[in-house]
Amino acid sequence: MGGETFEIAKLKSSYPKLSAHPVGQWIPNIYKDRIGMFTGGGQYETKNLRAMLTEGSASGEPHVKLSVWDAPDLTRPTFKEATSHKFESTSVGSWFGPSWSTHWFKVQLTVPKELCKKELLELRWDANNEGMVWTEDGNPLQGLTGGGERTEWILPKKFRDGKEHTIYIEMACNGMFGNAPGGDSIQPPDPNKYFQLSKAEIVAVNVEARHLYIDMWEIGDAAREFPADSWEQHKALKIANDIIDAFELGNQDSILKGRKIAQEYLGKNSSSSKVYDSGTEPIVYGVGHCHIDTCWLWPWAETKRKVARSWSNQCDLMDRYPEHRFTCSQAQQYKWLKQYYPYVFDRVKEKVKKGTFQPVGGSWVEHDTNMPSGESLVRQFVYGQRLFESNFGERCRTFWLPDTFGYSSQLPQLCRLAGMTRFFTQKLSWNNINKFPHTTFNWVSLDGSQVICHMAPSETYTAEANFGDVRRSVTQHKSMDQDNTSLLVFGKGDGGGGPTWEHLEKLRRCRGMADTVGLLPRVHLGEGVEEFFDRLEKKASEGLDFVTWYGELYFELHRGTYTTQANNKRNNRKSEIMLHDIEQLATLASIKSGYKYPKEDIDDMWEAVLLCQFHDCLPGSSIEMCYDDSDELYAKVFKTGEKIFKDLQSVLGVQDVSPTSGDNLLALNTMPWHRREIISIGENRAGVACGEGNLLNIKTFKITETPEVTVEEVRKGVFVLQNDQLRVSVEDGYISSLYDRKAEREVVAKGGKANQLVIFDDKPLYWQAWDVEVYHLDSRKELSPGTTKIFQADAHQVSVVTETKISDKSWIKTYISLSAAFKGQQSYVEMHSEVEWQESMKFLKVEFPVDVRNTEASYETQYGVVRRPTHYNTTWDMAKFEVCCHKFADLSEHGYGVSILNDSKYGFATCGNLMRLSLLRAPKAPDAHADMGRHHIRWAILPHTGDLGPTTVRTAYNFNNPLKLAQSTTPITPATFSNPIKLIGNPSLILDTIKRGEDDEDVSRGELPKRKGKSVVLRIYDSLGGTSKGTIETTLNVKKVYKTNILEDDEDEISISDGKIDITLRPFEVATFRLQL
């Protein structure tokens, strides 16, 4: 042992003994730049890969014959109308316009013999504007974008017979983003843009060369974007340069060789849907999407065409790419498609049935969530879900708002009540102060309801499906410690379009790359949004405790949208109030008499209002044409509403007050509590309306020996208005003192000027109509008033008026009024302003420094109150320098507070003890005339003892719902003055809505199964954030009572005894009850 020897086989090597020649190290940046030269345009495009992307083409007659009919006066005629006209010959190079005009082309195609057997033939059409391809018999096939994007339409096989075939192309003279001049899309549109038809040709595509082009795109991205210290980056650079070295211009075999080299990096199935069948675990889930702003830089009429163009494209892609899953929201757009493009709607419906086209969102439009009322948010879901269910057989389970400007605190509760347990957005990635800390989390509402929220870590809803988008889906994911999966939402958007074939091809390569060399996250196609959230919900149900975010998702940008386009916001609130009143009165009339509930008119009104709440319409960020459209739509809403009111008045036995007779006066009331108010009855006379039904008796206002309210000029320019509760001193137009006589305390901070008008320079960094930046506060300037004088000195009300010059073009008249006070009812100071506004990039506000101290202020939001800081301790606090409120904002300390009420304003700020109501802005883009003209604005100062309470909530409702004077036409019985439905108990409970059941057999329009009998639906909420008990009392013949969700699905049966229904609500709970008659 130990002495043996063993033969060891020697490795044979061909390694040369002598160096043959010098070999240098690659210079990475040079070899990276070389990749772009191989696929790019410019001086080498006739020598590089681009030169082999096509195998032949044909243009001009006899292969492409063109004729055109120009639609007159910016009309958008139907196919049938357009093709009934005579078409005139035209050619490539011709110009068409002006902006927003429509031109119909008859395109007669004859494929030349030498191209008939090519693998792929396309019609290439580019006029740098949008278009739609139609069949000869009038079916819309596919949209065209122009400007190099989506300019191809694949010729059907039957066109390869050498014969002439006809199609039509509808040209819209606008780009994907409207008609802005130059390169800045948010500038007001140029009405005189013209578009040149630059291309109309038949092209044979070299399919393998196109595949290699996409291969190089993704391998090149890996070479550029992978870390320089990774072997994957070096290999990508080597593979890309090997492909370039193998390329020979004109040699198809070199293309095939290049593709084979690419497989070393991308795998064998990277140009096939089979790439997703590898069995490996993905973490990024790609979903195609097409965000179409229902209006923005184009009017609604163009959106209808954008929908048809975009969604027909997706149906076509689904036929070619079996992995493609496409999701789209907005019930309004589905309704338009069904109405105007039934052929495309049928294609969509077929894809929905297959599961490849997935409706999502559950709302009527992708609406603003800051400014619509609570009932409007409910109706967004009611009308949206009903359309989805009636057309596609099921409701949406995911709320989808990727582009809205902040998300109000009650949305999770309303989502759950609408059958949705999850929410998708990404807009908070735009925050310009703080970075939102979560990707996937539980979002919790004011009442404690929650939804799973996911914000795409790629931070876009219009991803180009690039290598970088897939990579950022992990590198920017903020919830990896809990769940590493994410959604990648890709496709052209805002102006529509959706995914392209390039997007789908690129993602195939990304998956192939991830499975072959790694480092890139695995992306998967073939599942939709609901499946993604299903997995998250399953993990949550199995014990995964996602992080939580309580309350509003405040957007740290676009704060100016609470104020821009004031008239539009006023129309919104007035129409919401009108619908509230109509539904309540029509419900009771239809139950108590033979009155036919006007369901169709109410539906039309609601759908119009919901449409105008789209997130670029109500916020004020659209072009002027959109507000011409919305003004017209609101006018129709108000006209319909007035007609319904006339009918309801006759049912109630009242009419408008006759100018010749002042007898039998009544007040029409729609608030659900006792009211006692002074109401003007003309000629400086007033009455006192008192009661709690829909009709209130009016008694004469008694003039006492000691006036109940007075006004006096105590010294020159100084006026004192006084009633039993308040004493108001007005000096130089502002309120120098507001003394609460009952509480014996001053409301205005020492040395402060309440009701002081201030103006600011308003030049945001970019988004004019959208943004107001924090630095605008540094430009504060007080407006100097003119002369103040007594305007009214009646026994029931007094007022002074001050006219203030804003500039040479603008002025404001402000009336400060005080009415006689009623014992036990808090009095307030009311302001009304008439403004002539002709400013540029200015912001008008009114200030109230109050003698109250708190680190938080309260703001009414939908179905509740949100509390926000009054200090700037952190950047999160400072970011809320301008916030949204509804009918009131309140600053209270223990025992006392001040509320600022408003009528149709939404912007507010509280900094320390300074409360500030935003009145008017003057941005010049995208609407050059936004807010110009005459405005009438109301607000009020309501001091109160105690913390924020029912006094403020109810007074704000009353302030926005003034009593309406009417005259009885028939003898009124005492029963007329009582309300058949009352809510008693905790005064924080608000009976917000009374309506008929959507599917009652005498009301239903038949879109969903009818429900036998009649029912009344009540919406009640707790307004102040405490467990609240109450009782619904009714004189109606109620058989059963159900607590339902907002879609009116019966859930729990509630007991009723002697017409009384006891209820208990959680803090800030929104509860719906159905009274089956």
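Student: L519 lies in the loop between α12 (501-516) and β21 (523-524). What defines the helices and strands named here?

Tutor: Helices (H or I, at least four residues) and strands (E, at least two) are DSSP runs, numbered from the N terminus. The model is predicted, so local features need pLDDT of at least 70 and side-chain atom pairs count only at pLDDT 80 or more, while totals for chains, interfaces and linings use all residues. Residues are numbered from 1 along each chain as its sequence is written, and side-chain values use heavy atoms, with hydrogens and water left out.

Student: Why does L519 count as partly exposed?

Tutor: Buried means under 20% relative accessible area, exposed over 50%, and partly exposed in between (1.4 Å probe, protein chains only). L519 has 47% relative accessibility and therefore counts as partly exposed. Its phi is near 70°, a positive value in a residue other than glycine.

Student: Q565 also has a positive phi, of about 60°, although it is not a glycine. Is Q565 buried or exposed, and why?

Tutor: Q565 has 8% relative accessibility, so it counts as buried. Q565 is placed in the loop between β22 (548-550) and α14 (566-592).

Student: What makes α15 roughly antiparallel to α16?

Tutor: Helix α15 (residues 599-612) and helix α16 (residues 624-652) pack at an angle of about 150°, their axes being 10 Å apart. That angle makes the two helices roughly antiparallel. By definition, angles under 35 degrees count as roughly parallel, over 145 as roughly antiparallel, 65 to 115 as roughly perpendicular, and the rest as oblique. Axes are lines fitted to C-alpha atoms, for helices over the stretch in contact, and angles run from 0 to 180 degrees between N-to-C directions.

Student: Which residues form a nonpolar patch on the surface, and what makes a patch?

Tutor: The patch is formed by L765, Y766 and Y775, with about 320 Å² of accessible area together. Patches are made of residues with over 30% relative accessible area and no salt bridge; like charges are joined within 9 Å, and nonpolar side chains (Val, Leu, Ile, Met, Phe, Trp, Tyr) within 5 Å. A salt bridge is a side-chain nitrogen of Lys or Arg within 4 Å of a carboxyl oxygen of Asp or Glu. Accessible areas come from the Shrake-Rupley method with a 1.4 Å probe, and for residues only the protein chains shown count as cover.

Student: Where is Y775, and why is it called partly exposed?

Tutor: Y775 is in the loop between β33 (756-761) and β34 (781-782). Its relative accessible area is 37%, so Y775 is partly exposed.
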